[in-house]
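This report describes selected side-chain features of one model. Please look at the sequence and the structure before reading on.

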Amino acid sequence: QIQLVESGGGLVQAGGSLRLSCAASGRSFRSYTIAWFRQAPGKERELVAAISWSGSSTYYADSVKGRFTISRDNAKNTTYLQMNSLKPEDTAAYYCAAKTGWGMLSAPGRYDAWGQGTQVTVSS
């Protein structure tokens, strides 16, 4: 079983940047697709970005394309989400999640493990 811990959230002004980290423990990190979801109050959890086990495939939601970059370092069992040009609408709790395979990325129920979340607040 894989365990995930997020870090790097905080308060930032619009136009600023943050880098979130998702550290994994347990076995077989390299076999998992890792995704970042976010959830704002009163809204459903939405997929932000995902990266395949090898890093060769990535996915981004339209709302973050060109601003966010997902990457992973399998030697460090860590996945990153670099967030640039942040907007107030990016304010949410951000969660990383792990699943096997690449399909059904946007379905939270398909993920095997979740972190506890880290809050990102973007002020205008």
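How many aromatic pairs does the count come to? The model is a predicted one, and the count comes to three aromatic pairs. Two of them are set out below.

| Pair | Centre to centre | Angle between planes | Type |
|---|---|---|---|
| Phenylalanine 37 and tyrosine 111 | 5.2 Å | 90 degrees | edge-to-face |
| Phenylalanine 37 and tryptophan 114 | 5.0 Å | 55 degrees | tilted |

Phenylalanine 37 belongs to strand 4 (residues 33-39) and tyrosine 111 to the loop between strand 9 and strand 10 (113-114), so their pair ties together parts 74 residues apart in sequence. Tryptophan 114 is in strand 10, 77 residues from phenylalanine 37. Through ring pairs, Phe37, Tyr111 and Trp114 are linked into a cluster.

Tryptophan 114, at 27%, is partly exposed. The charged end of arginine 45 sits over the ring of tryptophan 114, at 4.8 Å from the ring centre.

The structure also has one disulfide. It joins cysteine 22 to cysteine 96, with an S to S distance of 2.1 Å. Cysteine 22 is in strand 3 (residues 18-25) and cysteine 96 in strand 9 (residues 92-99), so the bond ties together parts that are 74 residues apart in sequence. The torsion about the S-S bond is about 70 degrees, and the disulfide is therefore right-handed. Both cysteine 22 and cysteine 96 are buried.

Technical notes. Residues are numbered from 1 along each chain as its sequence is written. This is a predicted model: local features need pLDDT of at least 70, side-chain atom pairs count only at pLDDT 80 or more; totals for chains, interfaces and linings use all residues. Side-chain values use heavy atoms; hydrogens and water are left out. A disulfide is a pair of cysteine sulfur atoms within 2.5 Å. Helices (H or I, at least four residues) and strands (E, at least two) are DSSP runs, numbered from the N terminus. Buried means under 20% relative accessible area, exposed over 50%, partly exposed in between (1.4 Å probe, protein chains only). Rings of Phe, Tyr and Trp (its six-membered ring) pair if their centres lie within 6.5 Å; planes under 30 degrees apart count as stacked, over 60 as edge-to-face and the rest as tilted. A charge sits over a ring if NZ of Lys or CZ of Arg is within 6 Å of the ring centre and within 35 degrees of the ring normal.
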